[in-house]
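Me: I am new to reading protein models. Can we go through a few features together, one at a time?

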Amino acid sequence: MNLLIVAILGTILRYKIVFSLPFINQKYLLHAHSHFAFSGWITMALMTLTVDYLKKNQNSNAFKKYKSVLWLNLLTSYGMLFSFPFEGYATVSIIFSTLSIIVSYVFAMMYWKDLKLISIKNISHSYLKAALIFFVLSSTGVFALAYMMATKQVEQNYYLASVYFFLHFQYNGWFIFAIIGLWIESITTTLTIMPYLSKLFFWVLSFAVLPTYLLSTPWLSTNIIIHSIVIIAATLQFIVWTALLIITIRLHNAVKEPIYENRFVRKIYLLIALSFSIKLLLQLVSSSTYISNITYGFRPIVIGYLHLVFLGVVSLFILAYSFSKKIIPLTYTSKAAIIIFIVGILLNEILLMIQGIADLAYYVIPDINLLLLLAAFILLIGITFLNLSVKLKH
């Protein structure tokens, strides 16, 4: 349902670019859209799925223990949803944003302690712990923004560095490591074949998160040594992910993992893997100073990259994982809904890519914003049908 709300807000934002909606402040609604997408949809879903993991592996009463934290996260998310559209960054929205961060700290501390209580540990625990660290670390960017606004000393580069710090450690830290942890928890049979290699993969991917932040802030990595470290980190991430993917696919035929039993869901996982591979490849390409200088600041390219991760990797994984774990029933309606949703993602990414390339050439494509509105509407239809499928159960 929260994903449906995110889709509705996204459609309204696209509609306002094409048609007049004078009673809606575009900037304020964008804040509501992004904050609720992060906290109300992705974080809410990942918290729930990771608590479900605890329930199955350590504590059957896990949801009872985390009930207050989950409800508080939902409350702060809806607080931001209903305050940002009317006031932007002001008293009420800042209060709910701050409370949301506090809730994330409480969740991280509780979950870290509970992970230690699980007797049979595997590499997925390391990914989940790293996700919690990045989750907490990302809030540093928010506090830096708050300090600048409070002191009224907003310098453009520092402002952007703070925004990208939050985005980077949410997207590439909390989101990605949480879903990799959940994914690996489901394929532990495969990974027991290569325990030392899987640990090496983890440490490389983890350490690479820190220097790759500088890809978002090229003005901070002008030193040739620092920039070389960034390039090495981006290269290692791509190599390690490719190796992990190849090994997993090759071992799949030998070890039948329950998560891949359904052919339809297996195809979704392959699409997620492709999306993440493209994401890492784009990240590697952007480590080139020449390409970074050309593409940096072109909004369609940035939006396309963020939506590739948000929709094509994280959101799709949450839905596919929920199908494979039978949290969301896999029915004819839900299958149709996901297909429509995927069509919307593909159309959105293709159009943003075309718009980005056209912007680089300083060429305006006629009706491109109308087509992007169509893509947003297709995404909305897919998520609407998914919600209906849960109710109808057929």
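Me: Which residues do ring pairs link into a cluster?
Reply: First, keep in mind that this is a predicted model. Two aromatic rings pair if their centres lie within 6.5 Å. Here, ring pairs join Tyr127, Phe134, Phe165, Phe169, Phe177, Phe202, Trp203, Phe207 and Tyr213 into a cluster.

Me: How many aromatic pairs does the structure hold?
Reply: The structure holds 25 aromatic pairs. Take Phe165 and Tyr213 as an example. Their centres are 5.3 Å apart, and their planes make an angle of 75°. Planes over 60 degrees apart count as edge-to-face. The pair of Phe165 and Tyr213 is therefore edge-to-face.

Me: Where in the chain do Phe165 and Tyr213 sit?
Reply: Phe165 is in helix α6, residues 156-186. Tyr213 is in the loop between α8 and α9. The two are 48 residues apart, and the pair links distant parts of the chain.

Me: Is Phe165 buried or exposed? And Tyr213, buried or exposed?
Reply: Look at the relative accessible area: under 20% means buried. Phe165 has 17%, so Phe165 is buried. Tyr213 has 10%, so Tyr213 is buried.

Me: Let us stay in helix α6. What does Ser162 touch?
Reply: Ser162 lies in helix α6. Leave out residues up to four places away in sequence, and Ser162 touches Gly141, Ala144, Leu145 and Met148. The relative accessibility of Ser162 is 7%, so Ser162 counts as buried.

Me: Is Thr235 buried, partly exposed or exposed?
Reply: Thr235 is in helix α9. Partly exposed covers the range between buried, under 20%, and exposed, over 50%. Thr235 has a relative accessible area of 27%, so Thr235 is partly exposed. Also look along the chain: Ser221 is 14 residues from Thr235, and their C-alpha atoms are separated by 16 Å.

Me: Now two helices. At what angle do α10 and α13 pack?
Reply: Helix α10 spans residues 263-285, and helix α13 spans residues 332-360. They pack at about 20°, with their axes 12 Å apart. Angles under 35 degrees count as roughly parallel. So α10 and α13 are roughly parallel to each other. Their crossing is left-handed.

Me: Which residues of α10 and α13 meet?
Reply: From α10 come Phe264, Ile268 and Leu271. From α13 come Lys335, Ile338, Ile339 and Ile342. Sorted by kind, the residues of this contact are six nonpolar, no polar and one charged.

Notes
Residues numbered from 1 in each chain as written. Predicted model: local features only at pLDDT ≥ 70, side-chain atom pairs only at ≥ 80, totals over all residues. Heavy atoms only, no water. Axes fitted to C-alpha atoms, helices over the stretch in contact; angles between N-to-C directions. Helix = DSSP H or I, 4+ residues; strand = E, 2+ residues; numbered from the N terminus. Parallel < 35°, antiparallel > 145°, perpendicular 65-115°, else oblique. Left-handed = near helix turned anticlockwise from the far one by under 90°. Contact = heavy atoms within 4.5 Å. Nonpolar A, V, L, I, M, F, W, Y, C, P; charged D, E, K, R; others polar. Phe/Tyr/Trp six-rings, centres within 6.5 Å; stacked < 30°, edge-to-face > 60°. Buried < 20%, exposed > 50% of the residue type's maximum accessible area, 1.4 Å probe, protein only.
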